Amino acid sequence: MDTGTFSAKSLLDDLFDNGILFDSGVDGLYGRSGVFEEVIERFERLVTRLGAPDKATRIHFPPGMSRATLEKSGYMKSFPQLAGCVHSFMGNEREHAKLLGMMAAGEDWTELQQPTQVALTPAACYPLYPTVAARGPVPAEGLLFELSSYCFRHEPSQDPARMQLFRMREFVRIGAADQVSAFRESWLERGKAMIESLGLPCEVDLANDPFFGRGGKMMANNQRDQGLKFELLIPVTSEEKPTACLSFNYHQDHFGQTWGLQFADGSLCHSACVGFGLERVALALFRHHGPDVNAWPAAARAALWDA
Ligand code: ATP
Ligand code: ZN
Ligand code: MG
């Protein structure tokens with residue numbers, strides 16, 4: 001792997017050439033090698049170990065979620081450009097013949113599909129909030145969850161760090177404002193120390209989400225002004241524009257309001273999540289330490305393999 005170059009296209013080619021990722025013909029949709037998966041598995045174990053003292057409840061959601069939940073969450077207002085909904089053919093035989101005819105003629109046959117109840121999960125924590133709300137009032141000490149999910153975002157790119165289907169591991173804290181801020185603060189420190197233990201250069205910076213449209217600019221500014229989002233950045237495909245590999249998000253009481261998450265006394269819960277982009281961390285490791293995991297620096301190997 002030519003670790004001297006920093007152009008997105010060449011890193012992707014290097015990953016293909018080394019058999020670490022496999023091309024599917026669609027940008028952002030790749031097969032992963034056994035070694036790539038092993039790095040992700042080891043990293044997930046490291047994350048889980050770091051979080052273990054906090055005794056989070058672990059939930060693994062599938063990569064699809066209730067479309068109604070996605071609609072109610074407000075996602076389509078903020079990120080319509082990233083969302084994906086699953087459609088299926090629900091017609092009869094006559095319509096099936098029409099579909100095959102349209103396909104054969106190279107016409108757009110997808111209009112014969114209908115939306116299903118399933119949307120692709122855009123972030124691991126979206127299915128969580130209504131699940132928690134359905135269980136009744138949140139206890140005074142709050143709640144903590146550890147989640148893992150494949151996520152979809154329609155942002156095709158030749159930057160290998162910007163995939164359309166990727167995995168996110170998240171810790172989500174639901175509770176009072178001070179509980180939630182303390183959680184985020186502690187992960188800002190723990191996350192940085194963890195990435196440094198892997199021998200990766202990183203910096204933490206204020207960030208904003210890619211809110212859609214003109215109104216979105218205001219939302220992004222507001223998010224920055226209030227310090228609601230931080231990212232841990234590692235150079236992966238560019239030194240000038242390092243990649244967000246961990247995110248630390250404070251939602252205030254947005255999900256509390258949306259889903260009626262409240263304490264027994266009726267006051268609304270706040271929430272925060274810390275998200276680990278698993279493919280991005282793996283890519284950062286390969287980018288900085290090379291394609292052969294046996295030749296990685298001793299400290300990185302110890303953190304991932306020996307503990
Ligand atoms: P970016 O700013 O690069 O678009 P993001 O800020 O939108 O990323 P979040 O919404 O905070 O990302 O998602 C949580 C984590 O998921 C990120 O820190 C990142 O590591 C990972 N992630 C987000 N988008 C992608 C993607 N397209 N491919 C791979 N990992 C991603
Ligand atoms: Zn989240
Ligand atoms: Mg971002």
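At roughly what angle do the axes of helix α2 and helix α7 cross? I shall answer that in a moment, after a word on conventions.

This is a predicted model, in which local features need pLDDT of at least 70, side-chain atom pairs count only at pLDDT 80 or more, and totals for chains, interfaces and linings use all residues. Residues are numbered from 1 along each chain as its sequence is written, chains are lettered from A and ligands numbered from 1 in the order in which they are written, and side-chain values use heavy atoms, with hydrogens and water left out. Helices (H or I, at least four residues) and strands (E, at least two) are DSSP runs, numbered from the N terminus.

Let me turn to the helix pair. The axes of α2, residues 34-51, and α7, residues 177-197, cross at roughly 140° and come within 11 Å. Axes here are lines fitted to C-alpha atoms, for helices over the stretch in contact, and angles run from 0 to 180 degrees between N-to-C directions. The angle makes α2 oblique to α7; under 35 degrees would count as roughly parallel, over 145 as roughly antiparallel, 65 to 115 as roughly perpendicular, and the rest is oblique. On the side of α2, the contact (heavy atoms within 4.5 Å) is made by F43, L46, V47, L50 and G51, and on the side of α7 by W187, R190, M194 and I195.

Two strands pair if DSSP finds at least two bridges between them.

Consider β8, residues 165-175. Ten of its eleven residues are buried (under 20% relative accessible area, with exposed over 50% and partly exposed in between, for a 1.4 Å probe and protein chains only), so β8 is largely enclosed by the rest of the structure. With β7, residues 143-152, it forms ten bridges in the antiparallel sense, and E146 stands opposite F171 of β8. With β12, residues 270-277, β8 pairs in the antiparallel sense over eight bridges. Along that pairing, E170 faces G275, I174 has S271 as its bridge partner, and G175 stands opposite H270.

How many residues of β12 are buried? Eight of its eight are. In a regular strand the side chains alternate between the two faces of the sheet. In β12 both faces are covered: H270, A272, V274 and F276 lie on one side, and S271, C273, G275 and G277 on the other. The pairing of β12 with β11, residues 243-250, is antiparallel and has five bridges, with S247 opposite G275.

Finally, a single residue. S78 belongs to helix α4, residues 75-78. Is S78 buried or exposed? S78 is buried, at a relative accessible area of 11%. Leaving aside neighbours within four places in sequence, S78 is in contact with P210, F211, F212 and M219.
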